[in-house]
Amino acid sequence: MLRATDITVRFGGVRAIENVSMALQRTEILGLIGPNGAGKTTMVNVLSGFQQPHQGSVTLAGEKTGPLRADRLARSGVVRTFQAVRLFPGLTVSENLEVGLGSRGLGRAAARRRAAELLDYMGLAARAHMPGNALSYGEERRVGIARALALQPNFLLLDEPAAGLNIGEAEALGDLIRRIRADFGCGVLVIEHNMKLVMGLCERLHVLASGRTIAEGSPADVFRDTAFRSAYLGAEPA
Amino acid sequence: MAASISDRIGWRPAARDGLRRLVPLAALVGIVLTIVLLAGMGDIVLQRRVIFCLIHVVAVVGLYIFMGNSGVMNFSSAGFMAVGAYTSALLTMAPGMKSTFLPDLPAWLAAAHLSPLWGALAGGVMAGLMALVIGIPIMRLSGIGAAIATLSLMFICYIVLGNWTALTGGQQSLMGLPSYVGLWTAGLTAMVAIAVAFVYQETRGALALRGSREDEVAARGSGVRIVRERLAAFVVSGFVTGIAGVLYGHFLGTLRVESFYLDLTFLLVTMLVVGGMRSLAGAVIGAIGISILTELLRLVEVGFVLPGTSWSIATPPGLGDVALAAAMLLIILFRPQGLTGGHEIELPRSKTSTSGLATTSGNTGTANV
């Protein structure tokens, strides 16, 4: 289990996150939702070691991760994707994956084979030898997920994976995430704005607003919650 | 459909695939070998020019190992060359020579008299050790910070060696190095340096380093230990660059600290940038190309008689340096990836036509998924 306890993060005088606790199980799909500026990405940064919290702690399988660097957490199976994807533009698609496979201890030949398998799994086999900056937007996003899978994640943190995708693509993404959870046996945390996707995909929701937890529970419970309705739906009438 | 496409693309006999991956190495070694063979037929003046060019190939390949893979600026090559050159000089010079030129040497160093090979290795190892010690604090820098730190390192080497009179003779020339470097020594060393750089860049550490070159944040997200990978490259780079310094000293037979200063620094960086710092081919082709350019300009600067006429041509002194800077400027402005564009010399993919077809049909097949 990946658990964050009483996390507070400040930027200058502003509290981006205040006293937030959350846990991600190895088998669940957890939705992290909230209006813009709620601190969702900051929370993913904390969980993945890119942001050290000013208060609170992160534990992985019960062990305190302390001030762990992002690269070490990634090698321990806590892997995130980026809102802006951030592929390695000058490397081929296959090499984009091989970097992570190398971090997991695979030699070059084994990494090449495994990258080919993963790209095949993601329906990207035909793109293996293209440069990372020569892809369509949707493909780029899928390579970003494939690159995360290369690290054999136990916990996969997806920062707005559906941003910019059309309805059909977003639905396909939902199926893909479920498939990944089943095939890789990993817990998935998804930051997502698309409520339809969230409702269909997530077993549990965690709602942030202005850096605080305002609701958590099953999607049905959360949607009945009055705090949620006023803070979230009130701000963004559907 | 998707499965059949991946089958077709995934199907490649492993052995042929392995050979294909060696093509960039074979091409560069072939280029150097050709140059050595051609120069062997020329006169002694041409041979000396070619040896100089080959020494520069070694130095630029050394520079590439770190700068090309990591994308971090490095202006300290001249310092590593100096350390390699003086280390080998002090260990291989005849004790009689040393007592003449360097009377204040410590006794054990004054008596040391290694064979050229051991001296050369010691020179490389000393430069590599310096890279290790200096690299530990500075490898977390990138961008302008790294540029300033490595430039400072070069200045420090220059000032320390220039004032450590007991060891280097200070501002005076150190003479009497065994000059064992000929065409084949330089050529073979260049080929070995190219092979070292190639083997290194095929490691997973080097791939991880190229990932950090492309995007540091994403590389950390992919589990890359950036400082450690940079340090490894810096040490290998220091070793190879040190060996270039060794060749330099034992080719000329004389060392002056002034030789390892800004002119050399700028020359090596220009060679790499003009060739294309993101590929080994760029390093080799840049070193050879700029060597040819500077030789031609030197010819023009000295003045020569146009063949078949009585016109003599001589350009103002300093043209060579201006042209070097101009070459750098033009490349940065119009072809920032260098002459090679960051590509290695590769065979065209033999199955381009079929896989190209598969690519387009695969695209329509997967776009709507």
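In chain A, 6 strands line up as an open sheet with mixed pairing, in the order S6-S7-S8-S3-S9-S10. The two ends of that row are strand S6 (78-80) and strand S10 (212-217) of chain A, and each of these edge strands pairs on one side only. Going from one strand to its neighbour in this sheet, the turn is 15° on average, with direction ignored. Bear in mind that the model is a predicted one.

Strand S3 (residues 29-33) and strand S9 (residues 204-209) of chain A run in the parallel sense and share 4 bridges. To find the spot on the structure, look for Gly31(A), which sits opposite Leu205(A) in S9(A).

Chain A also has an open sheet of 4 strands, and here the pairing is antiparallel, with the order S2-S1-S4-S5. Strand S2 (14-24) and strand S5 (63-64) of chain A are at the edges with a single partner strand each, so one side of each has no neighbour in the sheet. Strand S1 (residues 2-11) of chain A pairs in the antiparallel sense with strand S4 (residues 55-60) of chain A, over 5 bridges. Within that pairing, Arg3(A) has Thr59(A) in S4(A) as its bridge partner. A helix joins the picture too: helix H1 (residues 40-47) of chain A packs on the sheet and touches S1, S2 and S4 of chain A. The direction of this helix, H1 of chain A, makes about 120° with that of S1(A).

S1(A) has another partner in S2(A): the two run antiparallel and are joined by 7 bridges. Here Phe11(A) stands opposite Val14(A) in S2(A). Together S1(A) and S2(A) make a hairpin, with 2 residues between them. One residue in the turn, Gly12(A), has a positive phi of about 65°.

Now for the place where the chains meet. The contact draws on 36 residues from chain A and 32 residues from chain B. An interface's size is often given as the accessible area that is lost when the parts come together. Between chain B and chain A, the buried area comes to about 2800 Å², and carbon and sulfur atoms give 55% of it. On the chain B side, the residues that lose the most area to chain A are Arg204(B), Leu207(B) and Ser222(B), which together make up 22% of what that side buries.

What holds for charges and polar groups across this contact? There are 2 salt bridges between chain B and chain A. Arg86(A) forms a salt bridge with Asp215(B), and the closest N and O atoms of this pair are 2.9 Å apart. Polar contacts turn up as well, with 8 residue pairs across the interface of chain B and chain A, both residues at pLDDT 80 or more.

Helix H1 (2-10), helix H12 (204-214), helix H13 (216-221) and helix H18 (352-367) of chain B each supply at least two residues to the side that touches chain A. The largest share comes from H12(B), with 7 residues. By type, the residues on this side of chain B split into 10 nonpolar, 10 polar and 12 charged.

Conventions:
Residues numbered from 1 in each chain as written. Chains lettered and ligands numbered in written order. Predicted model: local features only at pLDDT ≥ 70, side-chain atom pairs only at ≥ 80, totals over all residues. Heavy atoms only, no water. Contact = heavy atoms within 4.5 Å. Buried area = accessible area lost by both parts, 1.4 Å probe. Salt bridge = Lys/Arg side-chain N within 4 Å of Asp/Glu carboxyl O. Polar contact = N/O pair within 3.5 Å; in protein donor to acceptor, adjacent residues only side chain to side chain. Nonpolar A, V, L, I, M, F, W, Y, C, P; charged D, E, K, R; others polar. Pairing = 2+ DSSP bridges. Axes fitted to C-alpha atoms, helices over the stretch in contact; angles between N-to-C directions.
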